[in-house]
Amino acid sequence: MEWFAAGDYELARQVLQRGIAALYLIAFISAANQFPALLGERGLAPAPWFLSRVTFRQSPSLFHWKYSDSFLLGIASAGAGLSATLVVGLPQQGPPWLPMVAFLLLWVGYLSIVNIGQTFYGFGWESLLCEAGFIVAFLGSDEIAPPLLVIIFLRWLVFRLEFGAGMIKMRGGSEWRDLTALTYHHETQPMPNPVSWYAHHLPRWFHKGEVLGSHFTQLVVPFFLFAPQPVASVAALIIILTQLWLVFTGNFAWLNWITIVLAFSAVSDEAVQAVFPALVLDAEQPETPLWFVVVVIAVTAFLVVLSWRPLANLFARHQLMNASFNRYHLVNAYGAFGTVTKVRLEVIVEGCTDEHPGPDSEWLAYEFKGKPGDVNRMPPQIAPYHLRLDWLMWFLALGAPDNRWFQMLIVRLLAGDYRMVRLLGANPFPMAPPRWIRARVFRYRYSTPEEKRRTGAWWSRTLVGTLVDPVTLQPKGRD
């Protein structure tokens with residue numbers, strides 16, 4: 001069974017298992033903090049309502065058995081605890097079945113959340129985390145060498161992730177083909193970070209170089225992940241460096257971090273030791289048990305069968321972006337930012353305490369934790385944490401058709417719902433909720449270096465219009 005063992009990928013296994021587990025830890029913490037307010041029993045899009053309209057077959061989830069906010073918190077807490085044990089490597093010290101069971105439990109728990117998360121969990125990195133967690137379950141424990149089949153399939157995942165994103169861009173807006181995309185992106189991306197302002201003000205030639213580098217990394221480099229070593233390790237390094245630049249200049253939840261972790265599937269111990277000779281990675285490992293070989297071969301065959309549709313999608317004229325072809329979120333299609341928004345619009349939610357607002361009434365704005373609001377506030381660093389409400393506010397400003405959740409957000413703020421207020425960055429009405437709420441749309445642009453020196457403002461904004469005219473709750477006892 002020498003062909004089965006990838007003994008030169010011990011470092012890769014450690015990074016893959018611990019890295020994916022760390023991202024599951026963040027994802028479960030995010031669910032515990034945000035799910036009840038967004039999707040709980042009294043959420044903006046209540047999960048019980050959704051569960052009453054779909055079957056287990058349509059959307060597999062443990063919550064078909066029962067949903068309650070306390071049960072959700074129990075699943076999230078258990079998932080976070082189990083993830084933490086994998087981060088420190090405890091299950092990996094046992095037999096091969098132990099980390100396998102641990103990761104499959106994480107996959108089942110998080111899949112159960114994603115499948116009832118509706119629009120708040122409609123992001124490609126949710127499916128990516130599910131798929132990655134399922135695959136790394138079969139990397140085995142420290143007792144045996146990593147299985148070569150799993151290492152190769154993880155590279156296939158990175159290939160789909162990178163090449164799919166590259167093809168989406170080539171088929172998307174002309175800004176990717178004329179190399180102007182990143183003259184806009186740093187300013188209009190969903191949630192800028194503290195470095196984004198500086199990146200935006202880099203020379204145009206640099207932004208064109210960024211686009212060329214993106215095309216090279218996503219359309220050429222992925223093929224070399226399957227080349228002999230050390231070429232595959234160099235390909236992985238290029239992907240990792242590119243992703244680190246994205247980490248440095250933006251907030252994309254755990255998308256960039258999981259790509260970095262997965263890219264280590266192409267990094268061999270020999271290549272690492274060539275750079276860091278003092279690093280000791282060689283370890284004697286006993287022969288892989290036959291039962292584990294059979295399981296890995298069976299699972300790999302199953303995943304290969306599921307790979308046909310994602311493979312065809314990569315070369316389809318109407319390529320799907322961030323699509324799952326099965327309800328278990330395995331072997332998905334990936335890709336993002338086929339077009340780049342050229343103008344930044346922000347929805348600003350404001351409240352007023354006057355009984356009858358007039359032209360001279362004072363309206364105070366709610367501040368969100370991540371998205372731009374106060375022009376003087378520095379964009380925060382959020383990733384790899386995921387602020388789901390802030391992301392949907394970005395889509396809302398772009399004209400997303402499903403805005404029922406936003407209508408409920410206004411109702412919850414008028415009612416002073418404490419769980420909803422906790423998701424915001426600053427509540428201008430700490431003593432009692434406002435009588436009225438409105439939502440206005442502003443065009444935001446980065447301040448120029450001269451404006452920033454003079455005023456300290458990171459943004460400049462101009463009123464575009466009103467999304468929601470002033471509304472109030474119907475007084476009790478009235479029809």
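Where is the place of His329? His329 sits in the loop between helix H15 (308-314) and strand E1 (344-352), with helices (H or I, at least four residues) and strands (E, at least two) taken as DSSP runs numbered from the N terminus. The model is a predicted one, so local features need pLDDT of at least 70 and side-chain atom pairs count only at pLDDT 80 or more, while totals for chains, interfaces and linings use all residues. Residues are numbered from 1 along each chain as its sequence is written, and side-chain values use heavy atoms, with hydrogens and water left out.

Back to the backbone. Most residues other than glycine have a negative phi, and most peptide bonds are trans. His329 has a positive phi, near 55°, and counts as buried because its relative accessibility is 11% (buried means under 20% relative accessible area, exposed over 50%, partly exposed in between, with a 1.4 Å probe and protein chains only). Ala253 also has a positive phi, near 50°. Ala253 falls in the loop between H11 and H12, and at a relative accessible area of 3% it is buried. As for cis peptide bonds, one joins Gln229 to Pro230, with omega about 5°, and Pro230 belongs to the loop between H10 and H11. Another links Ala383 and Pro384, where omega is about 10°; Pro384 is found in the loop between strand E3 (367-368) and H16.

Together with Phe216, Phe223, Phe224 and Val231, Val220 makes a nonpolar surface patch of about 440 Å². Patches are made of residues with over 30% relative accessible area and no salt bridge, joining like charges within 9 Å and nonpolar side chains (Val, Leu, Ile, Met, Phe, Trp, Tyr) within 5 Å. A salt bridge here is a side-chain nitrogen of Lys or Arg within 4 Å of a carboxyl oxygen of Asp or Glu. Accessible areas come from the Shrake-Rupley method with a 1.4 Å probe, and for residues only the protein chains shown count as cover.

On a 1 Å grid over the protein atoms alone, a cavity is a set of points where a 1.4 Å probe fits but cannot get out, whereas a pocket is an open set with protein on both sides within 12 Å along at least five of seven lines; lining residues have an atom within 4 Å of a point. The largest pocket has a volume of about 1100 Å³. Its lining takes in 49 residues, and Phe252, Leu255, Gly335, Ala336 and Phe337 lie nearest the centre. H10 gives the largest share of this lining, 6 residues; among the other helices that each supply at least two are helix H6 (148-171) and helix H12 (255-263). By class, the pocket lining divides into 25 nonpolar, 20 polar and 4 charged residues.

How values were computed
Points joined across faces, edges and corners; volume = space filled by probe spheres on them. Nonpolar A, V, L, I, M, F, W, Y, C, P; charged D, E, K, R; others polar.
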